[in-house]
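Dear colleague,

Please find below the structure that I am handing over to you.

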Amino acid sequence: MSALRPPALLDRSPLLKATVGSRGNLTLSVAVLLLAALALPPMLRWLLLDATFIGTAESCKAASGACWAFIGEKLKFVVLGFYPQDQAPRAYAAIGLLIGLVGLSAIPRLWSRWLAAAWVAGLVAVLWLLGGGGPLAPVPTDKWGGLPVTLLLSLGSFILAFPLAILLALARRSKLGGVRLYAVLLIETVRGVPFIAILYASTLLFPLMLPAGAAIDKFARAAVALSIFVAAYLAEIVRAGLQAVPRGQSEAAASLGLTHWQTLRLIVLPQALKEVIAPIVNLAVGIFQDTTLVAIIGMFDLLNAARAAATDPQWIGFYAEAYVFVAAVYFVFCFAAARYSLWLERHLRTP
Amino acid sequence: MSFHFGLGQGLRAAAVAVAVSGAFLGAAKAGPTLDAIQQRGLIKVGVGTSPGFFAPDSNGKWQGFFVDFGRALAVTVFNDPDKVEFTSSSPQQRLPALQAGEFDILLSGVTQTITRAFKLGFHFGPVIFYDGQGILVSKSLGVEKAADLDGATIGVQSGTTGELNIADFFRKTGKKYTPVVIEDSKEFLAALESGRVDALTQDSSDLAIRRGLLAKPDDYVVLPERLSKEPLVPAVRAGDDRWLEIVNWTVYATIQAEEFGITQANVDEFLKSEDPSIKRFLGVDASLGEAIGLDPKFAYNIIKAVGNYGEIFDRNIGPKTPVGFERGYNQLWTKGGLLYSPPFR
């Protein structure tokens with residue numbers, strides 16, 4: 001008979017147990033519900049009920065809710081920035097290609113040197129799609145903007161940074177004093193300086209150091225600055241992974257007759273990287289959002305394009321809508337990355 | 001053989017070029033900036049982002065008051081308003097970026113100051129927008145000019161020079177007022193709408209834009225007086241006199257056109273004018289353009305492409321736009337403003 005009594009019901013439903021199972025949990029649940037009851041109705045009213053989905057700036061001004069018609073009108077500009085709109089399909093293809101590559105990379109079965117080659121080929125293709133050449137009309141990099149820039153900067157810098165980070169991590173653990181010193185110097189200098197300072201240096205100081213007439217593209221400078229920044233942080237994560245691999249592993253590999261580099265490539269690095277998937281994804285999510293800082297050097301990534309869209313006198317002042325929209329886009333990407341990393345950790349767990 | 005012939009021709013051309021440049025010795029010479037522009041076939045302009053002054057439209061094309069002056073420059077140099085590229089630059093970054101050669105000119109609302117002229121090595125073109133601290137009031141007050149304000153409650157934003165300027169102003173007029181310091185920029189407009197203050201004070205271009213954000217913008221007006229001086233000018237790197245002169249006279253052409261009453265719509269009719277100064281101005285009499293080495297019809301082309309100063313103003317930031325700016329000091333000298341073009345002769 002005891003099975004029918006409430007405590008048993010709680011035992012069978014983990015959700016119920018977590019929400020009302022104890023006095024503390026019950027209080028917390030009531031508090032959260034109260035807060036939600038306070039915050040949600042006005043939020044929903046603004047987001048949906050009183051919002052204008054189709055209309056003009058005037059009808060938006062008259063309504064009290066959000067103006068999603070503004071996003072509709074500005075969607076192309078927010079997603080592409082100043083990219084020439086008659087060439088928009090190229091930018092869409094670039095976005096598709098980048099997301100496709102990320103999708104492929106998410107499948108552990110496909111991890112091989114072919115995937116690395118696919119990334120190199122894919123990035124070259126994206127640069128060609130965006131920049132033009134051959135049959136495609138050239139589009140200078142300062143016209144690039146929106147989502148392609150956000151994706152290309154964050155993914156491209158990560159790809160560029162990865163080999164550099166592994167080298168730096170290995171160098172920092174090297175027995176050669178000189179190599180170790182340089183690695184420590186580079187990592188600590190870059191980590192000790194805010195990203196904004198590195199960006200400023202790359203756009204303002206670096207051109208002054210070049211000989212007259214020589215110029216390196218601003219986009220390339222920002223991408224390299226970002227890569228170096230990522231590499232320094234990534235190197236420390238990789239080093240943590242390397243330290244987590246027991247010494248016995250490399251000793252066993254050596255006794256099997258593997259060379260130093262074979263040991264690293266086949267035994268140590270795979271185990272080391274697997275250990276640090278969570279911090280790497282954490283860094284990737286952070287870098288994805290940090291790319292918004294390129295706005296200060298006049299590049300129109302997704303966030304900056306959305307902000308600029310709200311300065312059009314015809315659609316003046318819809319900043320809240322612009323920011324909410326961009327936040328939603330960022331959330332979709334980052335949430336997907338977080339869920340994926342959880343799944344991957346479970347998938348790769350070795351007994 | 002043809003190689004030798006070509007070389008000889010080249011030498012002769014060089015000799016002619018030397019002779020010609022000798023004839024112009026003492027004139028404003030093309031420097032590195034203008035050379036780079038000609039070579040590139042494009043003028044690089046640094047702008048900001050602010051509604052009405054410089055903002056991308058839904059098609060990603062830059063529009064705005066300063067943007068139109070950039071287009072006018074492209075007309076002067078290339079007779080093509082699209083041979084110009086606008087890049088947004090933040091206020092902290094724009095002057096170093098101009099220094100580093102990233103732009104040929106800044107049309108981003110730079111205030112001309114003595115420090116910038118002496119210390120930073122910039123040259124400035126004519127003032128294209130006289131900004132300054134203004135006062136935004138509700139029309140229900142029935143006040144036409146700032147001097148009429150008596151006993152008003154005025155909101156100022158904390159951390160700005162606005163508080164000191166308004167205090168100076170009322171000390172001068174001898175009238176009374178109550179300052180209300182407002183921290184948050186969101187509360188700034190709310191204070192006016194709720195009637196907590198009678199007026200707000202701030203840079204007038206900023207006030208005009210904020211006015212557009214009010215629920216009923218037409219019930220409010222920015223008074224014509226300015227309590228501080230913010231002359232917004234085009235800025236170029238020092239070292240290219242001819243480029244600076246092109247900037248100067250492109251701006252003057254828009255002002256002079258308005259003074260003549262020449263607009264985008266009627267400019268072709270003015271080609272038939274018998275007035276010798278208009279004939280010179282529009283290039284019907286080509287002697288002026290030949291003498292200065294510009295397309296004699298450059299002023300005509302500018303007006304045809306972007307209109308005169310008043311048209312540029314009205315289209316982008318005038319009373320009929322959401323920004324809703326009154327001409328104020330940005331009116332011709334003949335109508336009580338400060339805009340004055342030197343003679344085209």
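**The nonpolar core**

The largest nonpolar core has 164 residues, and among these Ala222(A) and Val238(A) touch the most other members. Helix H11 of chain A, residues 218-244, supplies the largest share of this core, with 14 residues. Domain 1 (32-88 + 240-325) and domain 2 (132-230) of chain B both contribute residues to the core, so it lies between them. Please keep in mind throughout that this is a predicted model.

If residues up to four places away in sequence are not counted, Ala222(A) touches Leu153(A), Leu199(A), Ser202(A), Val294(A), Ile297(A) and Met299(A).

**Chain A**

Chain A contains 16 helices and one strand. Its C-alpha atoms fill a box of roughly 80 × 75 × 40 Å along the principal axes. Of the 351 residues in chain A, 30% are buried. Among the contacts in this chain between residues at least 6 apart in sequence, 64% join residues that are at least 24 apart.

Ile287(A) belongs to helix H14 of chain A, which spans residues 277-290. Ile287(A) counts as buried because it has 21 C-beta neighbours inside 10 Å, where 20 or more are required. Neighbours within four places in sequence aside, Ile287(A) is in contact with Ser154(A), Ser157(A), Phe158(A) and Val230(A). Val230(A) lies 57 residues away from Ile287(A) along the chain, yet their C-alpha atoms are separated by 7.5 Å.

**Where the two chains meet**

On the side of chain A, 20 residues are in contact with 23 residues of chain B. Two elements of chain A give two or more residues to this side, namely helix H5 (68-80) and helix H10 (195-209). H5(A) gives the most, with four residues. Sorted by class, the side of chain A that touches chain B has 11 nonpolar, five polar and four charged residues.

**The domains of chain B**

The domain assignment of chain B gives domain 1 (32-88 + 240-325) and domain 2 (132-230). The centres of these two domains, taken over C-alpha atoms, are separated by 34 Å. Seven residues of domain 1 are in contact with five residues of domain 2 in this chain. The side of domain 1 that touches domain 2 has four nonpolar and three polar residues, and no charged residues.

**The sheet in chain B**

Chain B also holds an open sheet of five strands in the order S10-S9-S11-S8-S12, with mixed pairing. Strand S10 (177-182) and strand S12 (220-222) are its edge strands, and each pairs on one side only. On average, neighbouring strands of the sheet are turned by 25° against each other, direction ignored.

Strand S8 of chain B (residues 133-138) runs antiparallel to S12(B), and three bridges join the two. Ser138(B) has Tyr220(B) in S12(B) as its bridge partner.

Which helices pack on the sheet? Helix H6 of chain B (residues 162-173) does so, touching S8, strand S9 (152-157), S10 and strand S11 (199-203), and its direction makes about 150° with that of S9(B). Helix H8 of chain B (residues 204-213) packs on the sheet as well, where it touches S8, S11 and S12. The direction of H8(B) makes about 125° with that of S11(B).

With kind regards

Conventions
Residues are numbered from 1 along each chain as its sequence is written. Chains are lettered from A and ligands numbered from 1 in the order in which they are written. This is a predicted model: local features need pLDDT of at least 70, side-chain atom pairs count only at pLDDT 80 or more; totals for chains, interfaces and linings use all residues. Two strands pair if DSSP finds at least two bridges between them. Axes are lines fitted to C-alpha atoms, for helices over the stretch in contact, and angles run from 0 to 180 degrees between N-to-C directions. Two residues are in contact if their C-beta atoms, placed from the backbone, lie within 7 Å. A residue is buried if 20 or more other C-beta atoms lie within 10 Å of its own, exposed if 12 or fewer, and partly exposed in between; C-beta atoms are placed from the backbone. Ala, Val, Leu, Ile, Met, Phe, Trp, Tyr, Cys and Pro count as nonpolar, Asp, Glu, Lys and Arg as charged, and the others, Gly among them, as polar. A nonpolar core is a set of buried Ala, Val, Leu, Ile, Met, Phe, Trp, Tyr and Cys residues joined through C-beta atoms within 7 Å. Domain bounds come from an automatic or database domain assignment.
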